[in-house]
Amino acid sequence: MRERGEEEGETENDDGARGYRRAIELLSSLISLSHTTKVFQVKWQLIRGKLEQLYSGLAAAQDCDFTGNSSIRGLISAVISTAEECRDLARRCVDLTYSGKLLMQSDLDVVAAKFEAHVKSLSSFYTNGILAHGYALVVSRPGPAASRDDMKFYIRDLSTRLKIGDSDMKSEALKALNEILREDDKYVRIVAETSDILPLLSNFLESPNPVVQEKSAETVSLFAGFDSYKGLLVGNGVVPSLIRVLEIGSEFGKENTARGLQKLTENSDNAWSVSAHGGVTVLLRICDSGSSNTRLIGPSCGVLRNLAGVDEIKKFMVEEGAVSTFIRLLRWKEETVQIRAIEFLQTLVSGDEPVRQMVVREGGVQSLLRVLDPNCSYSSKTREIALRAIESFSMSSPNSVNVLLGLGFLDRVLFFLRHGEVATQELAIKMAFRLCRVSEETKKAMGEAGFMSELVKLLDAKSFQIRDMAAEALTSLISIPRNRKKFVQEDSNIVRVLQLLDPEEKSSNRQLLLSVLSSLINSSSGRKKIAASGYVKTLEKLAETEVSEAKRIVRKLSENRFRSLFNIIWH
């Protein structure tokens, strides 16, 4: 036989459960009814928000044992009373049977205040551990064809859990939020416009619970991917909290934070906010820490590169030793970090000669040349970026170029002319073209290294740009007598140039090819090789089509033949 106390406890719990179900039903019907009101819509929208918060908060506590929880039972009783009062007001608004507008507005304000007090009480129960969430999500995620109202209701449910839930509930709500933000852009706008989730993120980023902190940083990162909402995030004060996570957060939290900051600072207006809260120092410390976490170092480099676009911040970075830090990162084992480091140094050097000299002086060029070493395994992308950086660092003056040549740069360029993929080959030919303009000594060195035969091979490359630069570089190289003599010694060189001048072939770089022959025609050996090539008729056909450069070459050859004939007769 059961004791009387047990029977009373069961009755008490049953009564509490019935009241709980009654409250849930009333709140649900009131939410639907509030959508049908056509008057005082702003006030009903406010009330509906409170109803949805209460509904979500109570629904999450469905497994609660109401025995002995008089405070909870008291709250449920108060919610039922206010809901019934509100239902009466709603019906009068729907039927337009209220006695006066001012009185009805006053009544609606009173009931809204009561619901707000109930929300606060419910939130305190969760905070103090009197209630614990029954399960993660009560409201099912809307399907792909859901209406905007359904989507908004789902977001409000998540918002309520974030406000009143314990750490576990917050974590689950953030997880669900991040899933929908990642999969459906429409939710991004709804969250930004119809919820108060964004203002909560700053506090969540500083949560002692690492999971809440990490998932909040992920939410920020997802939102920061949309230009329209970057300012909204900064306006809600997330930057100081993000910097704090970078300092003392978990590794995963730091990674999400760095990615979020990288996206935020793509807008230069946000650079000052990061700098003002000590972000530059924290990020430099991360990059200089020797950490092996590529997922953290990479985006941290990206943030600093974005910040370096502001001159005052760039100056501070240089003073804080950023050049040395990033030259060390050029030797990093992960290519993603190397690429970030190269891009950062290029931004730092842009338009700043003293910084460029500092990069060269501290060994930046040597580190880049290692990336170009054919014996090392680097991707084409990394090598392309390294070539572009060398162009920024060392092609601005003859002295810089001489240092570069002394480090074996010509061999690297020649290798990529021969074996590089199209993009790398284009950069190599561009380098060769620029090197031809540095000095006579550089041209001689290029001629000796074997550049001319490689340039001849590129005269009919698929890329128009490569063809034209190859022809211009070749013309420049054979302007040196020693190079011209070397070029003429290989019969195949002249034959190939003449073959490409066939009038029946549509050649975009014909004028450049004729410039090559014009340089060769100035030497007796060049004239002899052209005359003996069997392609003189090709030049004559071009001359007949009023190509002035071809006419000049043919005239030179004719003069040479006339002199030769005269010499034979004379002797």
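How many of the 17 residues of α5 are buried? The count is 12 of the 17, so helix α5 is largely enclosed by the rest of the structure, where buried means under 20% relative accessible area, exposed over 50% and partly exposed in between, with a 1.4 Å probe and protein chains only. This is a predicted model, in which local features need pLDDT of at least 70 and side-chain atom pairs count only at pLDDT 80 or more, while totals for chains, interfaces and linings use all residues. Residues are numbered from 1 along each chain as its sequence is written, and side-chain values use heavy atoms, with hydrogens and water left out.

**Helices**

- Helix α5 (residues 148-164) has 17 residues and reaches 24 Å from its first C-alpha to its last, close to the 24 Å expected at 1.5 Å a residue; the expected span is 1.5 Å times one less than the number of residues. Helices (H or I, at least four residues) and strands (E, at least two) are DSSP runs, numbered from the N terminus.
- The buried residues of α5 include Met151, Tyr154, Ile155, Leu158, Leu162 and Ile164, and among them are also Lys152, Arg156, Asp157 and Arg161.
- In helix α23 (residues 409-419), the buried residues are Phe409, Leu410, Arg412, Val413, Leu414, Phe416 and Leu417. These buried residues pack against α20 (364-371), α21 (380-394), α22 (398-406), α24 (422-435), α25 (440-449) and α26 (451-457), contact being heavy atoms within 4.5 Å.
- Glu218 lies in helix α9 (residues 210-224) and counts as buried at 16% relative accessibility. Leaving aside residues up to four places away in sequence, Glu218 touches Asn178, Arg182 and Asn256.

**Nonpolar cores**

- The largest nonpolar core has 141 residues, of which Leu304, Leu307, Phe326, Phe409, Leu517 and Leu539 touch the most other members. A nonpolar core is a set of buried Ala, Val, Leu, Ile, Met, Phe, Trp, Tyr and Cys residues joined through side-chain atoms within 4.5 Å.
- Helix α18 (residues 335-349) supplies the largest share of this core, namely eight residues.
- Another core, of 39 residues, lies apart from the largest one, and among its members are Trp44, Ala60, Met104 and Phe125.
- Leu304 touches Val280, Leu283, Leu284, Cys287, Met317, Phe326 and Phe344, when residues up to four places away in sequence are not counted.

**Aromatic pairs**

- The structure holds six aromatic pairs, and rings of Phe, Tyr and Trp (its six-membered ring) pair if their centres lie within 6.5 Å, with planes under 30 degrees apart counted as stacked, over 60 as edge-to-face and the rest as tilted.
- The rings of Phe223 and Tyr229 have centres 6.0 Å apart and planes at 75°, so this pair is edge-to-face. Phe223 is buried, with a relative accessible area of 1%, and Tyr229 is buried as well, with a relative accessible area of 15%.
- The rings of Phe326 and Phe344 have centres 3.8 Å apart and planes at 25°, so this pair is stacked. Because Phe326 lies in helix α17 (residues 322-329) and Phe344 in helix α18, the pair ties together parts that are 18 residues apart in sequence; both Phe326 and Phe344 are buried.

**Cysteines**

- The structure holds zero disulfides, a disulfide being a pair of cysteine sulfur atoms within 2.5 Å.
- For the sulfur of Cys86, the closest cysteine sulfur is that of Cys93, at 8.9 Å, which is too far for a bond.
- Cys86 counts as buried at 0% relative accessibility, and Cys93 counts as buried at 1%.
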